[in-house]
Amino acid sequence: MDIFEKIAKHMGPIGQHQKWSHGYFSFPKLEGEIAPHMNFRGKEHLVWSLNNYLGLANHPEVRKADEEGAANFGMAYPMGARMMSGNSKFHEQLEQELAAFVGKPDAFLLNYGYQGMVSIIDSLVDRNDVIVYDGESHACIIDGLRLHMGKRFVYKHNDIESARKQLERAARLVEQTGGGILVITEGVFGMSGAQGKLKELVELKKEFNFRLLIDDAHGFGTMGPTGAGTHEHQDCIDGVDVYFGTFAKSMAGIGAFVASTEEITNYLRYNMRSQTFAKALPMPMVIGLLKRLELLKGSPELREKLWTIATTLQKGLRERGFDLGVTNTMVTPVFLKGELLEATALTMDLRENYGIFCSIVVYPVIPKGLIELRLIPTAAHTLDDVQRTLDAFSEVSDKLKAGHYKENQFAID
Ligand SMILES: Cc1ncc(COP(=O)(O)O)c(C=O)c1O
């Protein structure tokens, strides 16, 4: 059979919808400067879809640093992988500042978070080791697991009893193999907004011998008294052995980092295949990231504003009867009961008639049978934006309950 034949029959779990979703639900074009108000299909929309948590994407000082970095170094510099020819004093400075901020002795920059996480996992374990991981882990963790040649045991999402059971299995197994155990969770689960139970997992170290790796893509910059992350928020910085954060969210940039002891970070520096065999972060990004980190550390008011917007939005939605699931962070999911077509009609109504743009999330990003509208509050939003959104959500919720969206499907022109 021609390998392409099956593609003609099935475009994949998300791709199968692309005929009607492309350009609208998938691959939409948000135009204009990154802000809560942007243009979608020629009309201004109030946007709740960007992980620009602290509003740094368009901060004048950030824009200036980005411009200066590009003017002084160009996009190409440095050429090559860090190990071979792509190192610079600014890359190292950023690593030192990040490490100090997240409470670890050393850090290593990663050119993308996704590939970075895959490689962290790949380089930390061998076939004798066992990985115990949360069942709702991000795709980059799952892809890291796919490379693992040894056993992996999944525990029920955020269920510590389940984690204990899997650790018992893992402990029995490594007694035979002579390997070790790596536990992986997220700091903040980006789809549900639930915090990983880091503190409870760290407590399990009293019963089991393991190391803890956390993916804090959403928690870095947003969680904790100084914004250092979810490990700071839960007061268990030392219990997290390997900390991973991305620059794609609070830092409004691209790239990521991993932080740990000097020995482990240095091991990762020399063994992560996605970094050894790929180009270093370009200098303008590194210069811009130094400025972003300075602002992130020095402007607690941005984080406070983010939390004001998030808590006002969530309180208002809950008062109006919306199901926000288990979020205990700024990530604001709205779970709807309804068929996929109703959810898409509702989302279109929000966009076309209320000028509100939020993302719709379906399987396989979230479990089958759930439809989620995901709102990401940021420090750049205003309380007026929140009120307008609450009013609109009240109206569309009433329409949903009245069966309006069953009868009124929209056509995307
Ligand atoms: C939990 C989590 N981990 C990792 C990543 C990947 O990060 P990056 O965008 O830097 O590749 C993301 C981004 O979506 C994420 O949400």
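This is a predicted model: local features need pLDDT of at least 70, side-chain atom pairs count only at pLDDT 80 or more; totals for chains, interfaces and linings use all residues.
Start by selecting Phe-90, which is partly exposed at a relative accessible area of 21%. (Buried is under 20% relative accessible area, exposed is over 50%, and partly exposed is in between, using a 1.4 Å probe and protein chains only.) You'll find Phe-90 in helix α4, residues 89–102. Helices here are DSSP runs of H or I with at least four residues, strands are runs of E with at least two, and both are numbered from the N terminus.

Residues are numbered from 1 along each chain as its sequence is written, and side-chain values use heavy atoms, with hydrogens and water left out.

Next, click on His-231 in helix α9, residues 230–233. Is His-231 buried or exposed? It's buried, with a relative accessible area of 0%. A polar atom of the His-231 side chain sits 2.9 Å from the backbone oxygen of Val-102. That is a polar contact, meaning a pair of N or O atoms within 3.5 Å; within protein, one must be able to donate a hydrogen and the other to accept it, and residues adjacent in sequence count only if both atoms are side-chain atoms.

On to the ligand. Show the residues near it, that is, those with a heavy atom within 4 Å; among them are His-138, Cys-140, Glu-186, Asp-215 and His-218.

- Tyr-114: a backbone N or O atom is 2.8 Å from a ligand oxygen.
- Thr-246: a side-chain N or O atom is 2.7 Å from an oxygen of the ligand.
- Lys-249: here the distance from a side-chain N or O atom to a ligand oxygen is 3.0 Å.

Now select strand β11, residues 332–336. Five of its five residues are buried, so the strand is largely enclosed by the rest of the structure. Turn the view and you'll see Thr-332, Val-334 and Leu-336 pointing one way, with Pro-333 and Phe-335 pointing the other. Which strand pairs with β11? Look for β14, residues 371–375, which runs antiparallel to β11 and is joined to it by five bridges. (DSSP must find at least two bridges for strands to pair.) Thr-332 stands opposite Leu-375 of β14.

On a 1 Å grid over the protein atoms alone, a cavity is a set of points where a 1.4 Å probe fits but cannot get out, while a pocket is an open set with protein on both sides within 12 Å along at least five of seven lines; lining residues have an atom within 4 Å of a point.

For the second largest pocket, select Ile-181, Leu-182, Phe-210, Arg-211 and Asp-241, which lie nearest its centre among 23 lining residues. Helix α7 (160–177) and strand β7 (181–186) each give two or more residues to that lining.

Finish with the largest cavity, whose lining includes Ala-35, Val-47, Asn-52, Ile-376 and His-381.
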